[in-house]
Amino acid sequence: MRANSTGGSGPLGSGASPGSTVSPRATPVLSISELSVIYGSPSDNVRAVDNVSLDLHPGEVVGLVGESGSGKSTLAYGACRLLRPPALITSGSVRYQGRRMEHPVDILSLRAGQLTSLRWREIAIVFQSAMNALNPVLRVRDQLVDVIHAHLRISHGEAIEKAGSLLDMVGIPRARLRSYPHELSGGMRQRVMIAMALATDPEIVIMDEPTTALDVVVQREILAQILELKEQLAFAVLFITHDLSLLLELADRIAVMYAGQLMEVGTAAEIHHEPAHPYTKRLLHSFPSLRGPRRELTGIGGSPPDLHQPPPGCPFLPRCTEGTDACSQIEVRLAHVASSSDPTHVTACPFVLPDGHVTPRSASQGGGTPRDADVKANGRRGKNGRRARKVNR
Ligand SMILES: Nc1ncnc2c1ncn2[C@@H]1O[C@H](COP(=O)(O)OP(=O)(O)O)[C@@H](O)[C@H]1O
Ligand code: SF4
Ligand SMILES: [Mg+2]
């Protein structure tokens, strides 16, 4: 997929784009293909991730955004095989090709020992609420040194020196090596977690809502620091958040997730200025703009579907103001946005017209004209194996 060409320079300083090291033709460092994950239960399964494909290129920041419960964390942890039962990966592949590796590997096929050496060394994760995961009875130094020793073969003295330089890197004075977690502010603890993730010079850092629990000022400082470190160390970032406004400044590309599926993927500029999917548009209207004219915030009425029994066809239909009966027949899949000159700007709504508008809702709610290839007739199965419901016209 293409690198960002947004040229945006928000309050986070350089933003992701101007200093981006992403090459348009670079082989993805991580390629998630048709990944599906369920949470099994005796009565029913939750389809938390449904046939999702997403690439991450070297040095790229990809933002994964969606409401709570849309499957963002499950997608990221599933790709690293960090999920525990009742989670079950039912299909897909996750290809990883790092600089230090001779050949690409499929993470989903690795043995336990191979996985251990891949995690943290190649792919590090800053978990949701990670700052609360520090051990309260160990000094910061000992926790950093533990991680360093677990993954790198260096002496104790070298590990302590490295722990100090990691704190330098995230803007915390070295004297804090002696601190216990309760002696640090929330922002500092989160910085320690980021330092820990970077301890082994990973190729990819997955950040799951890393700043959600912090106040806006600290959040901005940390985000600016993440971008700075990314430029310095050239790692790629999968940044998970429910806050689309934040990603518009931070990410090279943005993937919008809803009900376990991707609704739209595009550069930050495309998502910001030329959103194609009705859900993306509604998300954009859910927060105020810092610049530009004042506008009414409309939010998104209703709530996401129950993933035990997702509705047939487009999962956004119950909340979509443009939806028609035809929408319940489509097979959700990403296709090029006709109005976009970028072939990698894709949407799961097949009703986006070449002018960027969506086929309007008719009075009878039967006015949709889905592309034939996207409609599955009754009894035929879509690519994801789901049987489409017949709709009487
Ligand atoms: N351990 C679990 N058992 C059953 N369902 C789960 C479990 N963890 C998450 N889910 C469900 O999977 C869906 C996706 O969750 P999650 O990946 O945490 O979403 P997000 O990170 O976008 O908030 C949600 O519907 C959630 O309720
Ligand atoms: S127009 Fe139909 S297919 Fe497109 S987002 Fe709305 S409900 Fe989904
Ligand atoms: Mg989550």
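Q: Which element gives the most to the shell around ligand 1?
A: Keep in mind that this is a predicted model. To read a shell, list the neighbours, then see where they sit. Helix 1 gives the most, with three residues. Around ligand 1 there are 13 residues in all, with Tyr39, Ala48, Lys72, Ser73 and Thr74 the closest. Strand 2 (46–56) and helix 1 (72–79) are the elements that give two or more residues to that shell.

Q: What classes of residue make up the shells around ligand 1 and ligand 2?
A: Ligand 1 has five nonpolar, seven polar and one charged residues around it.

Q: Which residues of helix 6 are buried, and where do they sit around the axis?
A: An α-helix has 3.6 residues a turn, so residues three or four places apart point the same way. In helix 6, the buried ones are Ile222, Leu223, Ile226, Leu227, Leu229 and Lys230. They cover an arc of only 165° around the axis, so they fall on the same side of helix 6. Val217 and Gln232, on the other side of helix 6, are exposed.

Q: What do the buried residues of helix 6 pack against?
A: Their partners are strand 3 (61–65), helix 4 (156–169), helix 5 (186–197), strand 8 (236–241) and helix 7 (244–250).

Q: And what follows helix 6?
A: Ala234 does, and its phi is positive, near 60°.

Note on methods: Residues are numbered from 1 along each chain as its sequence is written. Chains are lettered from A and ligands numbered from 1 in the order in which they are written. This is a predicted model: local features need pLDDT of at least 70, side-chain atom pairs count only at pLDDT 80 or more; totals for chains, interfaces and linings use all residues. A residue is near a molecule or strand if its C-beta atom, placed from the backbone, lies within 6 Å of it. Helices (H or I, at least four residues) and strands (E, at least two) are DSSP runs, numbered from the N terminus. Ala, Val, Leu, Ile, Met, Phe, Trp, Tyr, Cys and Pro count as nonpolar, Asp, Glu, Lys and Arg as charged, and the others, Gly among them, as polar. A residue is buried if 20 or more other C-beta atoms lie within 10 Å of its own, exposed if 12 or fewer, and partly exposed in between; C-beta atoms are placed from the backbone. The arc is that of the directions from the helix axis to the C-beta atoms. Two residues are in contact if their C-beta atoms, placed from the backbone, lie within 7 Å.
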